[in-house]
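Please consider the following comments alongside the coordinates. They are set out as numbered points for a structural reader.

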Amino acid sequence: MTATEGMINVTGGKVWYQKHEGEGTGTPVIILHGGPGSSHYSMQDLKILAKDRPVIFYDQLGCGKSERPNDTALWHIDRFVEELGQVREALNLDEVHILGHSWGTTLAAAYLLTKPAGVKSVIFSSPCLSAPLWAEDQERNRKLLPEDVQAVLKECEENGTTDSEAYKKATAEFNKMFVCRLDPMPAFLKEGAKYRSPEVYNIMWGPSEFHVTGNLKSFDCTQQLKEIEIPSLYTCGRYDEATPESTQSFSELTPHSAFHVFEESAHMPYIEEPEQYVNVISEFLRHND
């Protein structure tokens with residue numbers, strides 16, 4: 001297995017990429033990480049997919065190992081869609097599979113709706129394809145938290161103190177149930193915090209997974225999912241903040257799609273059930289090469 005990396009010029013700055021290649025000659029897959037403003041860091045073990053095909057990671061502008069320009073006008077979905085096209089062009093990815101996770105699925109859908117050539121299939125892993133629906137789902141999820149935790153969240157949101165320690169602690173309780181259920185949380189995940197950009201996340205999304213105040217607040221492409229005609233796989237965890245009900249409903253709106261639930265996972269099945277996740281993804285990609 002070989003890994004190469006470098007920087008690519010995109011609108012607003014330079015982004016870092018890494019390409020893993022083994023013996024496999026399958027169509028390359030490009031991984032779109034979550035966030036916005038997160039990085040490829042938590043998904044790096046998916047380089048195991050390179051036994052069948054080249055695997056490309058890149059950190060979106062503003063986070064990870066990419067440049068972090070000080071220009072808030074850059075943080076909107078259309079620029080990230082443009083960036084994905086620029087990365088594909090720079091790496092000569094004429095034919096490609098796309099695997100998006102969380103916000104990466106928002107980006108994947110918005111990109112596919114521009115009707116780019118050469119995309120063989122798409123994987124929507126723990127999808128967010130409607131911010132209003134996501135917010136509704138999290139309202140329901142919050143009601144499953146202990147009442148004292150719910151009270152802290154509500155109070156901080158009403159008082160505008162979502163940057164307080166109390167809010168962060170309460171958010172951590174939500175994350176234990178609906179983001180990653182491994183206990184203890186893997187140490188390597190904590191390491192990844194330094195690669196995140198809270199600024200990009202806040203501008204585009206908000207102060208937490210479940211309090212959506214950013215410029216994606218009204219994003220909803222559910223009415224256009226019928227236009228995605230390439231093979232599509234929708235996956236989520238049984239306890240995912242991207243709920244099985246919503247994920248299945250997106251799948252039903254997409255013509256050539258399949259749906260899979262990882263029974264022991266929340267929002268990070270690639271870490272919570274890595275073997276199962278890789279098997280499901282590999283089989284889908286092989287089938288659509």
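The points below cover the basis of the model, helix packing, the cores and selected backbone features.

1. Basis. The model is predicted, so local features require pLDDT of at least 70 and side-chain atom pairs pLDDT 80 or more, whereas totals for chains, interfaces and linings use all residues. Numbering starts from 1 along each chain as its sequence is written, and side-chain values use heavy atoms, with hydrogens and water left out.

2. Packing of α4 and α5. Helices (H or I, at least four residues) and strands (E, at least two) are DSSP runs numbered from the N terminus. Helix α4 (residues 147-159) and helix α5 (residues 165-178) have axes that come within 9 Å and cross at roughly 135°. Axes are lines fitted to C-alpha atoms, for helices over the stretch in contact, and angles run from 0 to 180 degrees between N-to-C directions. The pair α4 and α5 is therefore oblique; angles under 35 degrees count as roughly parallel, over 145 as roughly antiparallel, 65 to 115 as roughly perpendicular and the rest as oblique.

3. Residues between α4 and α5. On the α4 side, the contact (heavy atoms within 4.5 Å) is made by V149, V152, L153, C156 and E157. The α5 side supplies A166, Y167, A170, T171 and E173. By class, seven of these residues are nonpolar, one is polar and two are charged. Here Ala, Val, Leu, Ile, Met, Phe, Trp, Tyr, Cys and Pro count as nonpolar, Asp, Glu, Lys and Arg as charged, and the others, Gly among them, as polar.

4. Packing of α1 and α2. The axes of helix α1 (residues 77-90) and α2 are 9 Å apart, at an angle of about 75°. That makes α1 roughly perpendicular to α2. I77, F80, V81, L84, G85 and R88 of α1 meet W103, T106, L107, A110 and Y111 of α2. This contact comprises eight nonpolar, two polar and one charged residue.

5. Nonpolar cores. A nonpolar core is a set of buried Ala, Val, Leu, Ile, Met, Phe, Trp, Tyr and Cys residues joined through side-chain atoms within 4.5 Å. Buried means under 20% relative accessible area, exposed over 50%, and partly exposed in between (1.4 Å probe, protein chains only). The largest core has 49 residues, and I30, Y58, I98 and F124 have the most contacts inside it. Helix α2 (residues 103-112) gives the most to this core, with seven residues. Another core, of 33 residues, lies apart from the largest one and has V29, I31, F178 and L189 among its members.

6. Not counting residues up to four places away in sequence, Y58 touches several residues, including W16, I30, H33, H40 and L107. F174, in helix α5, is buried, with a relative accessible area of 0%. With residues up to four places away again left out, F174 touches Q138, N141, R142, L145, V179, E209, F210 and E241.

7. Backbone features. Cis peptide bonds, with omega about 0°, join G35 to P36 and D183 to P184. P36 is in the loop between β3 (29-32) and β4 (55-58), while P184 lies in the loop between α5 and α6 (187-191). K115, in the loop between α2 and β6 (119-125), has a positive phi near 60°. S126, in the loop between β6 and α3 (131-142), has a positive phi near 55° and is buried, with a relative accessible area of 0%.
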